[in-house]
Structure formats: structure tokens, C-alpha cells
Amino acid sequence: TIAANEMAEKIKGEFQRWLWDDEQRRTDLSELYNEKFNSIVTPHYDGSALTVDGANSAKPLRQHQKDVVQRIISSGGNVLIAHAVGAGKTAEMAAAAMKLRQLGVVKKPMFVVPKSVLAQWGKEFSDFFPTAHILVASETDMAASNRKTFSNRISTGDYDAVIVSYENFKAL
């Protein structure tokens, strides 16, 4: 094993010497390698210049949040946000919805969230965007006798965001 490892190191060293000795060979092989194996580059989204009208100046977005909003805008909205708990995903989604609305890309974003965080979502959205006109489904809104009225409110209202639970969404 020791002899095999020594021979492998010797071959590796000789290959390195051979590769770097000839500038044309080095250039040709670098181009070939980059074309065949090094052609996928993970995109970087820079949201440092991003501004969202109506955002609460007391709760500015952190750089990673701005980058995610820029990614959502650039990718057409098909994005997985897999940050850890507490990293600010709600703020990112709210900011992305508001920015896409400002750009005219979306008219009335709807968030479908677990029932246990419905009220929290409404509060956080309002905290991040105090002047936003949002509609959060309540238990009363989703009673069988009120669903049609609530659905009409969604259709006819000019909301910056509509927030409903999974159960509400199924019922609508």
C-alpha cells in the first residue's frame, strides 16, 4: 500500500509538471474541462439595492432576505425558501408579494398557511407593511353561511395580500 501510494503521488506530480509545462496545452485542457464539467454555476441574487414601498423602516430586511426577494422576482416566483426557523421567511414572502404587486407582476397574492399560524401571519405581515391592505380569513368568514360573501370580498377587493389557512382554501 505504501509503495502504491508513493507511485500514485509520483504519477500525480509528473502529470502536474506535464500539464503546466506547455501553455497551449494548459489553455486547451482548461477550456475543455470548463466546457465539459464546470459549466453549471449557481446563480447569485443580489438584493442589496432592493427597496419595497410601504415597508416598515423599523424592521428593515436583512441582506439574505433581500437576496431571496430578488431571487423570487427574478425566477418568476417558483422558489423554495428553506431557511431555518427564525430566519425571516414570512418577511421575505411578504416583501416579495408587495414588490411583485408594485411591479405589476401579480394583482392579489394569496398565502395559504397552516391554521395554527394564520393569525400570526396576518400580524407579521401588518408589522412588516403597516399600510398594506390585507385580508385574513377568520372563523366567522369561513362559516358555511359566509363563505360565498368572503369569496366575493376576495374577488372584488383591492388587497395587497389575502391570507387563508389550508382548510379555508379547501373550503373556498
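Predicted model: local features only at pLDDT ≥ 70, side-chain atom pairs only at ≥ 80, totals over all residues.

Analyst: Residues are numbered from 1 along each chain as its sequence is written, and side-chain values use heavy atoms, with hydrogens and water left out.

User: How are helix 1 and helix 2 oriented to each other?

Analyst: Helices (H or I, at least four residues) and strands (E, at least two) are DSSP runs, numbered from the N terminus, and axes are lines fitted to C-alpha atoms, for helices over the stretch in contact, with angles from 0 to 180 degrees between N-to-C directions. The axes of helix 1 (residues 2–21) and helix 2 (residues 23–36) come within 5 Å and cross at roughly 100°. Angles of 65 to 115 degrees count as roughly perpendicular, under 35 as roughly parallel, over 145 as roughly antiparallel and the rest as oblique. Helix 1 and helix 2 are therefore roughly perpendicular.

User: In what order do the strands of the sheet stand?

Analyst: Two strands pair if DSSP finds at least two bridges between them, and 4 bridges join strand 1 to strand 3 (residues 161–165), which run parallel. Strand 1 (110–113) and strand 2 (134–136) each have a single partner strand, so they stand at the edges. The 3 strands form an open sheet with parallel pairing, and their order is 1-3-2.

User: Is Ser165 buried or exposed?

Analyst: Ser165 has its place in strand 3, and, with contact meaning heavy atoms within 4.5 Å, Ser165 touches Val112, Val113, Pro114, Lys115 and Leu118, not counting residues up to four places away in sequence. Buried means under 20% relative accessible area, exposed over 50% and partly exposed in between, with a 1.4 Å probe and protein chains only. The relative accessible area of Ser165 is 1%, so Ser165 is buried.

User: How many residues of helix 4 are buried?

Analyst: What covers the buried residues of helix 4 includes helix 3 (63–75), strand 1 and helix 5. Among those buried are Thr90, Glu92, Met98 and Arg101. Helix 4 is mostly covered, and of its 15 residues the number buried is 11.

User: What distance separates the end C-alpha atoms of helix 4?

Analyst: The expected span of a helix is 1.5 Å times one less than its number of residues. The 15 residues of helix 4 (residues 89–103) should therefore span 21 Å. The end C-alpha atoms agree with this, as their distance apart is 21 Å.
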